[in-house]
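Thanks for coming. I will go through one model this morning, and you can follow along on the screen.

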Amino acid sequence: MHNIKTFFTSKYILWLILAIPGTLLTVNYYRDQVNYDMIMHITGEFAGRMLIISLIATPLKLLFPKGKIAKWLLRNRRFFGVAAFSYTLLHTIFYVLEYPFKTLINEFSDVAIFTGWIAFFIFIPLAITSTNTAIRKMGKSWKKLQRWVYLAAILAFIHWALLGLQGTEKSAAAAIVHFIPVIVLQIYRIWKQQIIKTKTSLK
């Protein structure tokens, strides 16, 4: 019974759950059951949501130090970070496959597109080094590298918001609604960690 419980709470099941939406979307896209606009919208939102979950893990743990959900999120935040990159990669692949190279080059100068590309390029080394081996080999440098995720998150927010403003509904509301909790919790994290640091230095 213990082994069964361990299996269903293991990283393998989490990976499976995180991969299911992307797999179904891809299959349905090639069956012509999902169009280009829909798959871009859904993969973009999934990427954003996975990124948000990975970013709120630490502040939630500070806010609810004994909370089981907060502990679980903190323990698995790397998986959500890699999932965010995976959905970003899927999002990018469909975009590149949809348009001719000339169009991609012309659109690169658009701030809404440019910010998305830069966020994607930042995510690449972060995802590649999100392994236990990389953490051991890089030591303190690993945390320094991973801090680039905050810049990537800001760029992803700008990308999402600007595309929303350019859309038919002329709205960036979705991006704002998704990222406001992250901003609030990150401000709380900085404030809380500063208090902890001050108390430690006074001892």
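Residues 172-191 have end C-alpha atoms 28 Å apart, and the span is 95% helix and 0% strand. Helices here are DSSP runs of H or I with at least four residues, strands are runs of E with at least two, and both are numbered from the N terminus. The span is one of those that UniProt, in an unreviewed entry, annotates as "transmembrane region"; the record lists residues 12-30, 46-64, 76-96, 108-128, 148-166 and 172-191. UniProt positions are in the numbering used here, feature names are shortened, and annotations may be inferred rather than shown by experiment. For residues 12-30, the end C-alpha atoms lie 26 Å apart, with 100% helix and 0% strand.

On the source: this is a predicted model, in which local features need pLDDT of at least 70 and side-chain atom pairs count only at pLDDT 80 or more, while totals for chains, interfaces and linings use all residues. Residues are numbered from 1 along each chain as its sequence is written, and side-chain values use heavy atoms, with hydrogens and water left out.

Now the overall picture. The protein has 10 helices and zero strands, so to speak a pattern of α-α-α-α-α-α-α-α-α-α along the sequence. Its C-alpha atoms fill a box of roughly 60 × 45 × 35 Å along the principal axes. Of the 203 residues, 38% are buried, where buried means under 20% relative accessible area, exposed means over 50%, and partly exposed lies in between, with a 1.4 Å probe and protein chains only.

Over residues 50-156 the chain is 87% helix and 0% strand, and the end C-alpha atoms are 12 Å apart.

Axes are lines fitted to C-alpha atoms, for helices over the stretch in contact, and angles run from 0 to 180 degrees between N-to-C directions. Angles under 35 degrees count as roughly parallel, over 145 as roughly antiparallel, 65 to 115 as roughly perpendicular, and the rest as oblique. A crossing is left-handed if the near helix is turned anticlockwise from the far one by less than a right angle, and right-handed if clockwise.

How do α3 and α4 pack? Helix α3, residues 36-63, and helix α4, residues 68-98, meet at an angle of about 155°, and their axes are 7 Å apart. α3 is therefore roughly antiparallel to α4. The crossing of α3 past α4 is left-handed. In the contact of α3 with α4 there are 20 nonpolar, seven polar and four charged residues. For those classes, Ala, Val, Leu, Ile, Met, Phe, Trp, Tyr, Cys and Pro count as nonpolar, Asp, Glu, Lys and Arg as charged, and the others, Gly among them, as polar.

For α2 and α4, the axes come within 10 Å and cross at roughly 15°, so α2 and α4 are roughly parallel to each other. α2 passes α4 in a right-handed crossing. Then there is helix α6, residues 111-128, which packs with α4 at an angle of about 135°, the axes being 10 Å apart. That makes α4 oblique to α6, and α4 passes α6 in a left-handed crossing.

Staying in α4, look at two threonines. T88 sits in helix α4 and is buried, at 12% relative accessible area. Its side chain reaches the backbone oxygen of A84 at 2.7 Å. T92 is also in helix α4, and counts as buried at 12% relative accessibility. A polar atom of the T92 side chain lies 2.8 Å from the backbone oxygen of T88.

G48, in helix α3, is buried, with a relative accessible area of 8%. V182, in helix α10, residues 173-202, counts as buried at 6% relative accessibility. V182 and L55 are 127 residues apart along the chain, and their C-alpha atoms are separated by 6.9 Å.

Last, where is D32? D32 is in the loop between α2, residues 11-30, and α3. D32 is exposed, with a relative accessible area of 71%. Its phi is near 65°, a positive value in a residue other than glycine. Most residues other than glycine have a negative phi.

Technical notes: Polar contact = N/O pair within 3.5 Å; in protein donor to acceptor, adjacent residues only side chain to side chain.
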